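Subject: Structure handover

Dear colleague,

Please find the structure below, with the sequence alongside. My notes on what was found follow it.

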Amino acid sequence: MDSKKNEIKSYLEDVLLASIANIASANIMVALLIRQDYVVNILFGICWSVPLSTPLRIRRLLAKIYEFGGVHSGAAVCSVLWFCLFTGLLTRDFVISSRKSGLPTKDSVVLTITYILLWTLITLTVTAYPRFRIWSHNTFENFHRWGGWFTLALFWVELIIFTILNKDTKPLGIMLVKFPAFWFLTISTVHAILPWIRLHKLHVIPEKLSNHAIRLHFKDKVPNYVGLRISDAPLKEWHSFACIPARDGCGGSLLISNAGDWTEKTVTDPKPYYWVKGVPSTGVLCMAQIFRSVIIITTGSGIGPCLAVIQDVPARGTKVRVIWSTPDPWHTYGDEICLAVQDVDKNAVIHDTRKYGRPDMVKMAYDMYKEGEAEAVFMISNPKMTKKLVYGLESRGVPAFGPIWDS
């Protein structure tokens with residue numbers, strides 16, 4: 001009777017461990033999928049397909065789709081917590097088995113891999129903390145990439161070894177496909193590899209606008225409202241820039257200003273080509289098209305992603321007003337960029353901070369919002385200014401949208 005009870009207990013413990021492993025791997029799959037450009041594009045496409053006749057409250061809620069990064073970080077943290085529980089239970093079983101036999105058990109290999117995996121997952125989580133990302137973004141990016149790949153590989157190793165140690169007379173393949181974790185890991189692995197299959201060179205023609213800014217023209221056709229991640233060293237770092245589609249439909253351009261080591265190098269010494277992977281992705285500004293009238297606020301080279309959107313949303317019926325604050329805009333960014341802004345909004349506020357100083361952007365935006373009876377305000381600026389503008393406007397009851405740099 002005792003032998004039967006022990007068998008049932010052992011079976012239930014194995015089922016519990018397998019279930020927790022399934023939940024952890026499912027969370028990892030969700031964290032990875034929500035960061036895939038094609039998944040993001042589908043989500044944005046669904047949200048911006050609503051007609052302008054949809055109630056304003058619903059459209060304002062749909063415009064928040066750009067906060068999907070919370071799903072990424074939330075699922076990732078949950079996977080770590082579930083894996084901590086998995087590790088604890090596995091450790092307990094290992095200790096009990098070792099005490100009974102007096103010798104190390106065959107599960108020691110699985111336990112070793114589990115602790116390596118747990119350490120890697122915790123390190124990935126810690127280095128993704130916002131303060132650390134800001135302090136050493138390249139370290140975060142490299143560890144996130146290499147650590148993520150290493151984690152997927154270790155999960156596969158652990159799953160296979162765990163199955164071998166617990167399988168009956170059935171073949172390994174038959175046993176593996178019965179685990180939900182096998183399918184979760186398969187989906188995660190496929191989608192981790194997929195963007196790299198599309199890795200290719202994007203040949204560019206540099207147009208130096210000033211010592212502070214450069215425009216990279218390319219002939220590859222791109223859709224409206226998208227951005228590209230480019231790199232000169234694909235295994236090191238990637239940088240996202242909005243595409244400004246050419247008005248003749250042939251190609252487009254990226255506007256880059258000196259805002260760090262990489263951008264300074266690009267402005268000073270542009271390369272004839274850059275690497276691109278995955279597919280062009282959409283961003284927060286594309287949701288401006290679900291409103292009848294919007295205010296677009298930007299500073300500096302933020303006019304690049306704004307132009308990528310504001311030149312095309314009027315065709316859908318959206319009225320656009322623009323506030324652009326930057327030092328010496330005509331000299332820094334050239335006539336073509338400035339005139340393109342005025343083509344969209346002939347009364348655009350192009351504020352030269354070198355001549356007039358820094359304006360009260362919240363007041364300017366609020367006054368324009370009330371005057372024009374706009375439905376929403378969108379902004380593109382640095383993190384500090386964006387947070388200030390969003391808080392300042394939302395505290396006044398104005399629906400304000402801007403990047404949140406959440407993950």
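Helices (H or I, at least four residues) and strands (E, at least two) are DSSP runs, numbered from the N terminus. Ala-340, for instance, has its place in helix 12 (residues 329-344). The model is a predicted one: local features need pLDDT of at least 70, side-chain atom pairs count only at pLDDT 80 or more, and totals for chains, interfaces and linings use all residues. Residues are numbered from 1 along each chain as its sequence is written, and side-chain values use heavy atoms, with hydrogens and water left out.

To finish with Ala-340: at 12% relative accessibility this residue counts as buried, where buried means under 20% relative accessible area, exposed over 50%, and partly exposed in between (1.4 Å probe, protein chains only). Which residues does Ala-340 contact, leaving aside its neighbours within four places in sequence? They are Leu-307 and Gln-311; contact means heavy atoms within 4.5 Å. Ser-188 is 152 residues from Ala-340 in sequence and 42 Å from it in space, C-alpha to C-alpha.

The chain as a whole

The secondary structure comes to 15 helices and 13 strands. Along the principal axes, the C-alpha atoms fill a box of roughly 85 × 50 × 35 Å. The chain has 407 residues, of which 46% count as buried. Of the contacts between residues at least 6 apart in sequence, 73% join residues at least 24 apart. Accessible areas come from the Shrake-Rupley method with a 1.4 Å probe; for residues, only the protein chains shown count as cover.

Aromatic rings

Rings of Phe, Tyr and Trp (its six-membered ring) pair if their centres lie within 6.5 Å; planes under 30 degrees apart count as stacked, over 60 as edge-to-face and the rest as tilted. By this rule there are 19 aromatic pairs. One of them is Tyr-66 with Phe-401: the ring centres are 6.4 Å apart and the planes stand at 85°, so the pair is edge-to-face. Tyr-66 lies in the loop between helix 3 (56-62) and helix 4 (69-101), while Phe-401 is in strand 13 (residues 400-401), so the pair ties together parts that are 335 residues apart in sequence. Are these two residues buried or exposed? Tyr-66 counts as buried at 8% relative accessibility, and Phe-401 counts as buried at 2%. Together with Phe-291 and Phe-378, Tyr-66 and Phe-401 form one aromatic cluster.

Two rings have a charge over the face. A charge sits over a ring if NZ of Lys or CZ of Arg is within 6 Å of the ring centre and within 35 degrees of the ring normal. Arg-133 lies over Phe-140, at 5.6 Å from the ring centre. Lys-277 lies over Trp-238, at 5.2 Å from the ring centre.

Salt bridges

A salt bridge here is a side-chain nitrogen of Lys or Arg within 4 Å of a carboxyl oxygen of Asp or Glu. How many salt bridges does a search of the whole structure find? It finds eleven. One of them joins the side chains of Arg-229 and Asp-37 (2.7 Å, N to O). This pair links distant parts of the chain, with Arg-229 in strand 4 (residues 226-233) and Asp-37 in helix 2 (residues 37-48), 192 residues apart. Arg-229 is partly exposed, with a relative accessible area of 31%, whereas Asp-37 is buried, at 10%.

Glu-67 bridges to Lys-64, with the closest N and O atoms 3.6 Å apart. Glu-67 is partly exposed at 35% relative accessible area, and Lys-64 counts as partly exposed at 29%. In the bridge between Arg-92 and Asp-93, the closest N and O atoms are 3.1 Å apart. Arg-92 is partly exposed, at 39%, and Asp-93 counts as buried, at 15%.

A surface patch

Patches are made of residues with over 30% relative accessible area and no salt bridge: like charges are joined within 9 Å, nonpolar side chains (Val, Leu, Ile, Met, Phe, Trp, Tyr) within 5 Å. Ile-23, Trp-82 and Leu-85 form a nonpolar patch on the surface, with about 230 Å² of accessible area together. Leu-85 is found in helix 4 and is partly exposed, with a relative accessible area of 40%.

Regards
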